Amino acid sequence: MLFQGILRQLREMCDSKSRSRANRTCVLGRGRSHIAPENSPSPSALVQQSPWANMPPELLLEIIHRLEANQTLWPARKDVVACAAVCRSWRETTKEVVRTPEQCGLLTFPISMKQPGPRDYPIQCYIRRDRATSAYRLYLGLSPGDASKLLLAARKIRRATSTEFLVSLAADDFSRTSCMYVGRLRSNFLRTKFIIYDRHPSCDHATQFSGKSRQKTVSKQQSSRVPAGYYNIATIAYELNVLRTRGPRRMLCTMRSIPTSAIEEGGTAPTPTTLGNCTDEQCSPLSEGKNLVKFESSNPVEPLETVRSTRDPLILRNKAPRWHEQLQCWCLNFRGRVTVASVKNFQLVASVDPSENVPATEQERVILQFGKIGKDIFTMDYCYPLSAFQAFAICLSSFDTKPACE
């Protein structure tokens, strides 16, 4: 009963904080001439002075440990997020208790969208497409009938020479100046090559792996001066179907922010710990100029040897399907997660050289699979070393029409 009372008071306190933020927004919206009283304490200062901030560390740690162990599914897991919103001491303790998706297989905070998934099993999600608004929403759950949690949302923007998908944490906020903005996906003219741009560096040291383009390394001191949304973290290339032969699409993903060593014995993938600060300088979008990566006019699918000639980024290829004589179609084993045949369906596995120290089981392991289960409903299952944002962006590239590849 005491534990439930604490949870109830936490929810009431979070609701009061949200109402105070709304009231403060209304006050600040009166105009620039309005000046708040100097002696009025901020809501955060009131929380820091409240008994919640002075709770014994042992009791606080026990409370958050119990929440972490019991509230493993959404929407009940929002109580864990509420603990991190109480005050600074609660936030630091919650960050120590809550593990990354790679360690526990759970998605808790917004930073979880940028962290690798679990190694032993995939995180199962589904994507709902809205044709009227050109919107795509990624939910956590087995199917639309389950209690779902919105993870990411994207909006498709068609241009004369390319297609863009803007990715956000909110379903109705795709502004590049918003703190909800995560990144974007941009295609070339033929819609055969896509580049994934991240708002922030993919890891703390911001090391980028590149193919033909020049390697760019941004230090911690310099990363704060780089405008947001233009970190090239991956390239997706679809093979041209010149002979117009029947068959599934062939794709190659170059993960510039993930080294091949991540899937080797004892390897680790870059795991960011913060989404970064949304300052005015970071949120200002870049103009179409020298800072934007240009598409090359050569074959969109670069040879594997050329891609591997630099810093060995992780290469993902689509798993080759087999021809089913009785069904007269190409088939892949989606283990019941895909029920409708579509040219968009695919499975991605690692493409490595035999000389590299990668086990055979790791080479055959499906890292990302995407497929159709109904009208405008698709499943997306991903695991280590991809993050939810990277997997979602790769799946978004499959929605764009590709006449040259089919």
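The model is predicted: local features require pLDDT of at least 70, side-chain atom pairs count only at pLDDT 80 or more, and totals for chains, interfaces and linings use all residues. Residues are numbered from 1 along each chain as its sequence is written, and side-chain values use heavy atoms, with hydrogens and water left out.

**Overall fold**
- The protein contains 11 helices and 14 strands, taken as DSSP runs (helices H or I, at least four residues; strands E, at least two) numbered from the N terminus.
- Of its 406 residues, 49% are buried, where buried means under 20% relative accessible area, exposed over 50% and partly exposed in between (1.4 Å probe, protein chains only).
- Among contacts (heavy atoms within 4.5 Å) between residues at least 6 apart in sequence, 62% join residues at least 24 apart.

**Nonpolar cores**
- A nonpolar core is a set of buried Ala, Val, Leu, Ile, Met, Phe, Trp, Tyr and Cys residues joined through side-chain atoms within 4.5 Å.
- The largest core has 55 residues, of which Leu-368, Met-380, Phe-392 and Ile-394 touch the most other members.
- Helix H11 (residues 388-399) supplies the largest share of this core, 9 residues.
- Another core lies apart from it and has 17 residues, including Trp-52, Ala-84, Trp-90 and Val-98.

**Helix H5**
- In helix H5 (residues 88-97), the buried residues are Trp-90, Thr-93, Thr-94 and Val-97.
- Viewed down the axis of H5, these buried residues fall within an arc of 100 degrees (directions from the helix axis to the C-beta atoms), so they line one face of the helix.
- Arg-88 and Glu-96 are exposed on the other side of H5.
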